[in-house]
Amino acid sequence: MYKKSLLRAAALATLAFAAMQAHAQDNKFRIGLILPMTGQQASTGRQVEAAVKLYMAQNGDTVGGRKVELIVKDDTSIPDVTKRLAQELVVNDKVNVLAGFGITPSALATAPIATQSKTPLVVMAAATSSITQASPYIVRTSFTLPQAAVSMADWAPKNGIKKVVTLVSDYGPGLDAEKYFVERFLFNGGQVAESLRVPMRNPDFAPFLQKVRDLKPDALFVFVPSGAGAAVMKQFLERGMDKAGIKLIGTGDVTDDDQLNDMGDGALGVVTSHHYSAAHPSALNKKFVDAFQKANKGLRPNFMAVGGYDGMRVIYEALKATKGQGGGDALLAAMKGQIFESPRGPMFIDAQTRDVVQNIYLRKVQKQDGQLYNVEFDTIKDVKDPGKNK
Ligand code: PHB
């Protein structure tokens, strides 16, 4: 009995060793892409996956002599699931890079795995400032809420908005948006009548909007995660907030390109601050938007897509720079300091913070070619994450 189980254990060990050898010798470079493909954040998963696949289609799947293999996993935006999937990808699939991460709690839950396994983790979507500090192996290609919110807090008081109410999703990015907007808006002489927070999951905006109406601010500043903007806009208009003279402002998450064109003309004139608009007027962006739409039945890329596209660029260039030889530390080193033109405009991965430095644009919803777009009208150049200076 004992001998039999010993033999079985030996056989299993041999098999496991053979599998490891096979992995080591198959010359594949594996990217574990973990995204919310179902549930409330599914649009983020759809956008990032489509952009990652577009980048691979445009740039080939042989890089630095290695064959790039993409393994996509759906975490349903539950952080415990993200962490378990990351663990399996590192241990069983031997991925060289972890990527994706639709929401902040998923990125934070996975950070220790990146550190322990020395695997670079490219955050393509989540945007709470502190994420990059959760592991020295994290690099970000999306944005940070403080980056976007501060620019709005500078613009608003110069444009007749003196009194605001803030309304944010009650978790990492929302708290960042609220803190950095309010701090700068007060510094600029503005007044904040009230700061409201709504639950992240299945929020009902109606009671909050009623309260905003009663407070009669010049504007309502909003952060909700990508995918929730259309619900806010609908209820804002249904309650006649615009007719009551209350403007809607926010970071660009609320006029998300994934939903904007279906929001109707009530969205016209809404001003937001963000790092990406599908209407960004550059030749590179036009090419990106056209190719993305062609490959995805007309779907318009949003800011999540551009985070995925640029994330792949950062991974590909790191693999090239290390001539296909790079382990985790070498790859990470080659990701730091990359500077390039993105469809969003110029972009830089700060070697010190591993976070993205980029332009923030002020944009107004307008019609172009019969469709609603966030049309950029002002640029704040090379904005670092203000959350890193504290
Ligand atoms: C986040 O959870 O970090 C997050 C999600 C959606 C956004 C922005 C930030 O639009």
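Tutor: A crossing of helices is left-handed if the near helix is turned anticlockwise from the far one by less than a right angle, and right-handed if clockwise. This is a predicted model, in which local features need pLDDT of at least 70, side-chain atom pairs count only at pLDDT 80 or more, and totals for chains, interfaces and linings use all residues. Residues are numbered from 1 along each chain as its sequence is written, and side-chain values use heavy atoms, with hydrogens and water left out.

Student: Is the crossing of H2 and H10 left-handed or right-handed?

Tutor: The crossing of H2 and H10 is right-handed.

Student: At what angle do H2 and H10 pack?

Tutor: Helix H2 (residues 42-59) packs at about 40° to helix H10 (residues 303-321), and their axes, lines fitted to C-alpha atoms over the stretch in contact, are 7 Å apart. Helices (H or I, at least four residues) and strands (E, at least two) are DSSP runs, numbered from the N terminus.

Student: Which strands does S14 join?

Tutor: Strands pair if DSSP finds at least two bridges between them. S14 (residues 356-368) runs antiparallel to S11 (residues 271-274), with 4 bridges; one partner pair is serine 273 and leucine 362. S13 (residues 345-349) pairs with S14 in the antiparallel sense over 3 bridges, and methionine 347 stands opposite glutamine 358. With S15 (residues 371-383), also antiparallel, S14 has 10 bridges; here glutamine 358 stands opposite valine 383.

Student: Which residue in the turn of the S14 and S15 hairpin has a positive phi?

Tutor: Aspartate 369, at about 50°; the hairpin has 2 residues between its strands. In the hairpin of S13 and S14, with 6 residues between the strands, arginine 354 takes a positive phi near 60°.

Technical notes:
Axes fitted to C-alpha atoms, helices over the stretch in contact; angles between N-to-C directions.
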